[in-house]
Amino acid sequence: MSVEELLRLKPFLDSKAAKYNCIDFIEDDPISIPHLFDKKQDIEIMGFFAAVLAWGQRKTIINKCKELIDRMDGEPYEFVLHHSKADLERLKGFKHRTFNDIDLLYFVASLRRHYEEHASLEAAFLGAGSSDTVYQMLVHFKQTFFALPDFPQRSRKHVASPLEGSTCKRLNMFLRWMVRKDISGVDFGIWEKISSAQLMCPLDLHVDRVARKLGLLSTKNTNWLAVEQLTHNLKLLNPEDPIVYDFALFGLGIVEGYWKD
């Protein structure tokens, strides 16, 4: 697709982004979970869990996240930082798809180690500094998150890495939630060291299909290279906030079924 052809899509995508980047979007989306909180660390923790658990039906994802909040007595940050061994018993039996209580207990332990040393989860993504690419941030995050000794190998599959070719859809979605700032009230914009211009587009099945139909994506496989190509094209439309078009592509796919036409 030429730059001229790409730019012709801009009014259409801008209108769809405006349609879905609104408060009404929140209720039926996993982002509704961190919106239940005001404290920065609660937003980070439950945003992270909502993103990690975000596969399957959205209603089920939201219900499982609410169950997790209840198991943490409604205060995720307080629970993560100050839980006792007896408190951890309440997490046993939790399960969503292939994510189970073994994974949950490790995640809580890793988050506790992090918050004992840092005020924000943003620090876990920053290696050399805020000038890192998101590729580097995601690699650093996985290495850091599984730095505790004797971590369960099975839990690694729940945190993606571009080193493995993954699209890292859930982590890119989490970064969007934490980093993007605008007046719509959907994304939180509570992280200061990573900019919206650095973000990469969360690429799931719906976004992939719509992007290919629009000519924004032409790679053979849906992998990290596809994320880079799609994000590159979106940056040509909006260099400072390319991932605003995630709303457009997602809405066109899951709400309008645009790729089926």
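Guide: Let us start with accessibility: a residue is buried under 20% relative accessible area, exposed over 50%, and partly exposed in between, with a 1.4 Å probe and protein chains only. This is a predicted model, in which local features need pLDDT of at least 70 and side-chain atom pairs count only at pLDDT 80 or more, while totals for chains, interfaces and linings use all residues. Residues are numbered from 1 along each chain as its sequence is written, and side-chain values use heavy atoms, with hydrogens and water left out.

Visitor: Why does Lys181 count as partly exposed?
Guide: Lys181 has 44% relative accessibility, so it counts as partly exposed. You will find Lys181 in the loop between helix H9 (169-179) and helix H10 (205-214); helices are DSSP runs of H or I with at least four residues, strands are runs of E with at least two, and both are numbered from the N terminus.

Visitor: What is Lys181 in contact with, leaving aside its neighbours within four places in sequence?
Guide: Contact means heavy atoms within 4.5 Å. By that test, and with those neighbours set aside, Lys181 touches Gly189, Trp191, Glu192 and Ser196.

Visitor: Why does Asn100 count as buried?
Guide: The value for Asn100 is 15% relative accessibility, so the label is buried. Asn100 belongs to strand E2 (residues 99-100). Beyond its neighbours within four places in sequence, Asn100 has contacts with Phe94, Lys95 and Arg154.

Visitor: Why is Asp150 called exposed, and what is said of its phi?
Guide: Asp150 has a relative accessible area of 80%, so it is exposed. Its loop runs between helix H8 (134-145) and H9. Phi of Asp150 is near 60°, a positive value in a residue other than glycine. Most residues other than glycine have a negative phi.

Visitor: What makes Asp73 exposed?
Guide: Asp73 has a relative accessible area of 52%, and therefore counts as exposed. Asp73 sits in the loop between helix H4 (58-71) and helix H5 (76-82), and its phi is also positive, near 60°.

Visitor: Which residues have the most contacts inside the largest nonpolar core?
Guide: A nonpolar core is a set of buried Ala, Val, Leu, Ile, Met, Phe, Trp, Tyr and Cys residues joined through side-chain atoms within 4.5 Å. The largest one here has 87 residues, and Leu13, Phe48, Phe49, Phe107, Leu216 and Leu230 have the most contacts inside it. Helix H3 (residues 40-52) gives the most to this core, with 8 residues.

Visitor: How do you know how compact the protein chain is for its length?
Guide: The protein chain has 12 helices and 2 strands. Its radius of gyration is 18 Å, close to the 18 Å from the globule rule for 261 residues, so the chain is as compact as a globular protein of that length. That radius is taken over C-alpha atoms, and the rule is 2.2 Å times the number of residues to the power 0.38. Of the 261 residues, 54% count as buried.
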